[in-house]
Amino acid sequence: MRNLQVSGLVSGMDIETLVTRLMAIERRPVLALEDRQRVLRTRSDSWRDVSNRLNNLLARAEALKNATSYQSRSVTVDDVKVARVTAAAGSSEGSYRLEVIHLAQAHSVASRSLERDSTPLGLQGTVTINGKELAIQAGDTLLSISRRINSLEAGVRAAVLRVQEGDYRLTLTATTTGASSHIAMADDNAVLVDMGLLKTDAGSGELVANTLSAARDAEFRINDLTILRPTNQVSDVVAGLTFSLMAPGITTVSVDRNVDLLVGMVNSFVEQFNSTMTLIKQQSGAGGNLRGDPALRMLVTRLPGLVFNPVPGATGITRAAEIGLSTGAFGSGMEGLLRLDESVLRAKLAEDIDAVAALFGAHPVNVAEQSAGANASASSQRAGPEFAAQNVINGNTSPELWGTAGGGWSDGTPGEFPDILEIHFGQDRFIDTVSIFTLHSATYPAENYGIRDWRLEYFHGDQWHLLDTVIGNTAGVHTHRFEAVSTDRIRVLVDAANGANDHSRIVEVQAFAKNDGLASRLADAIKEFTQAASGTVSQRQRGIQGEIERLKKQVEQFEKRLEKREDTLRKQYAAMERALGLMQTQQMWLDQQLKWLAPSKK
């Protein structure tokens, strides 16, 4: 019916324009609903922008609370023509004098000069190269022999070189460098001799290779200690350092903490924090798409506090201000935003990089350590201080001290279980990780001497609560991770050891306070806000999408009603046109009848 057209020829009215204008008035509620949907989509886009900024900030915070970030090393080589050096994270800092005497070489041999590379040599026999046999035929050329040697996989690469016109040489080069890379060759019909790959030594009269470069190890000195290696890539001399030897010469290599990387990371964090805060303020402010949202307004207040509140458990540095972070004064336009004094940060990194790491949350604090105020006791122990319970909280995790002072705890009742080891922290601690090191070494492997089954419990209120259970352990260390709990003590109840009728043996127990560094708590807050299932952003987005869908249904209902209304109008105007047409027809008939009835005038 919507295609019904009403001409308006009878009434003289522009019916189509009239219907269109009337329907435009009727559509005003639909337009209002569509405008509301556009506003909601804009709000949804704004929430997505806020979420993206927060996730970018989360990435910067995660990097700062990653312990490996503080183990990065920078390497300076005075003369990179002599060597290039890379350092793995955590490698020792120091300075080294490097002298490259000569580089490692691969053994290389060459044939005599031959006029053509594609002319049959007319040689025939079986040759052996590094133990691999190759039958040479009379029709073989330098090129075909080169290809066939390469297919042997004998640890050599063959190539034909054009020295000049009429001077072609076959070369063989070992695929590895070092003194052991010597190419061994032999034949049964003097083929290699005819080719010039083997020649008679003038001194001994024996056949020897026609050597271009001798097989040789790299020879170099580090701090005046002479070292030989088969390659020029050396990574087994100084732990964590890889030397790429380039040429003979002397240079100095310096390995330091990569302070520039850390300063750059903190600067990146500050920039992203300010970008995020600025966007949130704009969106939640008077002219923002998310104006008045209470969650965003709370975030504006909360985020700076997470940065500037003291960090409990941190050592040496407990406040962001101590590393050069500050914020603008109220009313300055910079309130809530961060500023960084690089000179202060660099000074603190030089003074105590571990304290800076702890401030950001990169180094969780072990509260089960004697130096942190902890104390240990056990249900029993073997005789002697070398097996005392106190040994498990001295910071030593190595089994090498086992059986000596500080080596660990062993119970005094073999074969009787459970054995109980209890650690008091001296005060309430908020912990989320416990690592238990049982005896495990080449001499005393854990599968024979370690604890096998145990329960880990914590004390809260007036009773013990189970944290975790382990059954069938054969590893040297087991780390328990759990939702953080508040407690002043933990205990390990050993139910079985791996040795029959054996002792319980524990080298060390570590309990870590929940990582509450400023980057850690900021990351936790952002995750809580942006997490997919129950985060504030997801809730807002779901609410907006639900409202958009509701409005869509209203629009669809309105459109159906409007379609019916338009059809009704067109029908009404069509009926009016028909009625007017009928009236005009009747009038014309009456006019005609009157003309007939009227007397004619002479």
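Reader: To begin with a side chain, is Glu 342 buried or exposed, or does Glu 342 lie in between?

Author: Buried means under 20% relative accessible area, exposed means over 50%, and partly exposed is in between, with a 1.4 Å probe and protein chains only. Glu 342 has a relative accessible area of 33% and is therefore partly exposed. Please note that this is a predicted model, in which local features need pLDDT of at least 70 and side-chain atom pairs count only at pLDDT 80 or more, while totals for chains, interfaces and linings use all residues. Residues are numbered from 1 along each chain as its sequence is written, and side-chain values use heavy atoms, with hydrogens and water left out.

Reader: With which residue does Glu 342 form a salt bridge?

Author: Side chains of opposite charge can pair when their charged atoms come close. A salt bridge here is a side-chain nitrogen of Lys or Arg within 4 Å of a carboxyl oxygen of Asp or Glu. Glu 342 forms one with Arg 346, and the closest N and O atoms are 3.7 Å apart. Both residues belong to helix α7 (residues 342-360); because they are four residues apart, about one helical turn separates them. Helices (H or I, at least four residues) and strands (E, at least two) are DSSP runs, numbered from the N terminus. Arg 346 is partly exposed, with a relative accessible area of 33%.

Reader: How many salt bridges does this rule give?

Author: The count comes to 27 salt bridges. Among them is the pair of Asp 236 and Arg 229, with 2.9 Å from N to O. Asp 236 is exposed at a relative accessible area of 52%, whereas Arg 229 is partly exposed at 25%. Asp 524 and Lys 514 form another salt bridge, with an N to O distance of 3.2 Å. This pair links distant parts of the chain, ten residues apart: Asp 524 is in helix α9, and Lys 514 is in the loop between β26 (505-513) and α9. Asp 524 is partly exposed at 34% relative accessible area, and Lys 514 is partly exposed at 30%.

Reader: How should I read the packing of two helices, and at what angle do the axes of α9 and α10 cross?

Author: Axes are lines fitted to C-alpha atoms, for helices over the stretch in contact, and angles run from 0 to 180 degrees between N-to-C directions. The axes of α9 (residues 518-530) and α10 (residues 536-597) cross at roughly 15 degrees and come within 4 Å. α9 is therefore roughly parallel to α10, since angles under 35 degrees count as roughly parallel, over 145 as roughly antiparallel, 65 to 115 as roughly perpendicular and the rest as oblique. Contact means heavy atoms within 4.5 Å. On the α9 side the contact is made by Glu 528, Phe 529 and Thr 530, and on the α10 side by Thr 536, Val 537 and Ser 538.

Reader: What is the order of the strands in the sheet that contains β1?

Author: Strands of a sheet pair through backbone hydrogen bonds, either parallel or antiparallel. Two strands pair if DSSP finds at least two bridges between them. Here five strands form an open sheet in the order β1-β17-β3-β13-β14, with antiparallel pairing. β1 (73-77) and β14 (225-229) are the edges; each has a single partner strand, so one side of each is without a neighbour in the sheet. On average, neighbouring strands of this sheet are turned by 25 degrees against each other, direction ignored. Five bridges pair β1 with β17 (residues 249-257) in the antiparallel sense, and Ser 74 has Asp 256 in β17 as its bridge partner.

Reader: Which strands form the open sheet of four?

Author: The order is β7-β8-β4-β12, and the pairing is antiparallel. Its edge strands, β7 (156-164) and β12 (211-213), each pair on one side only. Between β4 (residues 108-110) and β8 (residues 167-174) there are three bridges, and Ala 110 stands opposite Thr 171 in β8. Helix α3 (residues 142-150) lies across β7 and β8 and runs at about 155 degrees to β7.

Reader: Over how many bridges do β22 and β25 pair?

Author: β22 (residues 419-438) and β25 (residues 477-497) pair over 14 bridges in the antiparallel sense. Ser 435 stands opposite Thr 479 in β25. Strand β23 (residues 451-460) is joined to β25 by seven bridges, also antiparallel, and Trp 454 stands opposite Val 494 in β25.
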